[in-house]
Amino acid sequence: MEKSNIYTGEDFTINCRVLVLNYEHRTMDMSVANSSERRRIIIIPDDAKFPIESEDWCACGPTTIAGIKEDGSIVLKWRGMEYVLAKGAMCDTTTVYLENPYLSREEVSMSYEYCEIDAMNGVLAYYDDIREQQDGNPRVSTYIQDDKDLALQLLWYIIEKGYKGFYPTYALLKSCNNWASQTITDVDTFTAIMREGIKAGCFAPEYTNAVDNLAELLQFNKTEDVFGYLPELQGIMQQLGEAGNEMAAYIANGDITCYEKQPRQDPELRHKTLSLCYWDEHEADHGYWLFVDDEIRPGATADMGEMGIFKIEDVKGNVIEYTWDGKKYTLESEYERETAADDVHELELKYREQNLWTLLKNKIFHVGLGQISSNPNNKHDIEETKAAVIKLTERLIAGGDKDLTALLEALKTNEDWTCFDYGGELRYLLE
């Protein structure tokens, strides 16, 4: 993942009062339990007008901020109950049971935190953390999406406070699925926000960081593409350049170099994968098999030794019919475990879209961990995982990624794969 910066242009502090809301929704259907959580914030400005009502997430019901007392504590109302929080305090609500004739049990609760934070520090912290989590992984969990929403809410609050130089950053993050790649994926949203920023004067001389933040996003998106989205932008940069802004002149002349990624490094480039792990009563994995794209087809097999043959019988969209241990099964979700006839062994299946380069690196580290572990249960699947990694590397090379030939040779000639771990002498081959 290439380093990326958000330029502030100056040292400043924008403190804001924030109510953090954590929604918790739990259900029980017979013996199957499920839960979901969401996290939101409400920024409470100095001139806030009460009451302020939150959104109703996860069927938990809205929370109302009724007002602020003379001592600075905040008054909340939720489902007929009242809670008072001092600044810096946290509290959990009681659990409310909902009537639902279709479930054994359904319940909701909330937890709150009332605090004051530095908005810019909050943006930077979330930004770095989200990029780390999304590096090579385009999947957006609810936790990542919640963090994105929080960062964007704080950044917009900063812009509303008059710091318009963050418009390019805000436009990029609102229009980018994967913050690690920094690639614009929603052109309409990007152009709409940028035009709003231009109209608001974000490139006025006093907002020097606007040009720097534009230059930053151009390191990940080609200048000619961005000028194609916003033809007026090149003229604005030319005028700023002629007025003495050197960075604007570089941008106008197309002198910002855009990072060229290998296809494997594009987190948006995903492939269908079906992985198998064979587990025993000690939760030790005894083997690892991997099918990719066209390999996920009727007739494909994996020899699982004493546990017999795994065979794909049919593939219908995201549903896979297969046989294992003499029985027929159907895989209808991305993750499933099946128990063998002896009630001891299990087959773990994962059917999902993944970035192959990220999967390959994860499995190399898995082998290295197993080789140094003192737990004998970690030793079983090393050879099968090695074979899957080598096969996957060969597949990437066959797809045109010739830069991986040195890695393939190193994988085949080194018995001990800890050399690829952080600090290992061959770690550079995975960068």
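Visitor: Which exposed residues sit on the face of α7 turned away from its buried side?
Guide: That face carries Pro231, Gln239 and Glu242. Exposed means over 50% relative accessible area, buried under 20%, and partly exposed anything in between, with a 1.4 Å probe and protein chains only. Please note that this is a predicted model, in which local features need pLDDT of at least 70 and side-chain atom pairs count only at pLDDT 80 or more, while totals for chains, interfaces and linings use all residues. Residues are numbered from 1 along each chain as its sequence is written, and side-chain values use heavy atoms, leaving out hydrogens and water.

Visitor: And which residues of α7 are buried?
Guide: In α7, residues 231-242, the buried ones are Leu233, Ile236, Met237, Leu240 and Gly241. They lie on the same side of α7 because they cover an arc of only 135 degrees around the axis; the arc is that of the directions from the helix axis to the C-beta atoms.

Visitor: What do the buried residues of α7 pack against?
Guide: They pack against four helices: α4 (187-199), α5 (209-218), α6 (223-229) and α8 (246-252). Contact here means heavy atoms within 4.5 Å.

Visitor: What follows α7?
Guide: Gly244 follows α7, and the phi of Gly244 is positive, near 115 degrees.

Visitor: Let us step back. How many helices and strands are in the chain?
Guide: The protein chain has 11 helices and 17 strands. These are DSSP runs numbered from the N terminus: H or I over at least four residues for helices, E over at least two for strands. The C-alpha trace spans about 70 × 60 × 40 Å along its principal axes. Of the 431 residues, 46% are buried. Among contacts between residues at least 6 apart in sequence, 55% join residues at least 24 apart.

Visitor: Back to helices. How do α3 and α4 cross?
Guide: The axes of α3 (residues 167-174) and α4 come within 8 Å and cross at roughly 165 degrees, which makes α3 roughly antiparallel to α4. Axes are lines fitted to C-alpha atoms, for helices over the stretch in contact, and angles run from 0 to 180 degrees between N-to-C directions. Angles under 35 degrees count as roughly parallel, over 145 as roughly antiparallel, 65 to 115 as roughly perpendicular, and the rest as oblique.

Visitor: How do α2 and α3 cross?
Guide: The axes of α2 (residues 142-160) and α3 come within 10 Å and cross at roughly 155 degrees. That angle makes α2 roughly antiparallel to α3. In this case the crossing is left-handed. Leu152, Leu155, Trp156 and Ile159 of α2 make the contact with Tyr167, Thr169, Tyr170, Leu173 and Lys174 of α3.

Visitor: On to strands. Which strand does β1 join through 14 bridges?
Guide: That is β9 (residues 105-118), which runs antiparallel to β1 (residues 15-29). Strands count as paired if DSSP finds at least two bridges between them. Tyr23 has Met110 in β9 as its bridge partner.

Visitor: In what order do the 4 strands of the open sheet come?
Guide: The order is β12-β13-β14-β15, with antiparallel pairing. β12 (301-303) and β15 (327-331) stand at the edges with a single partner strand each, so one side of each has no neighbour in the sheet. Neighbouring strands of this sheet are turned by 20 degrees against each other on average, direction ignored. Within it, β13 (residues 309-316) and β14 (residues 319-324) pair over 5 bridges, and Lys316 stands opposite Val319.

Definitions and conventions
Left-handed = near helix turned anticlockwise from the far one by under 90°.
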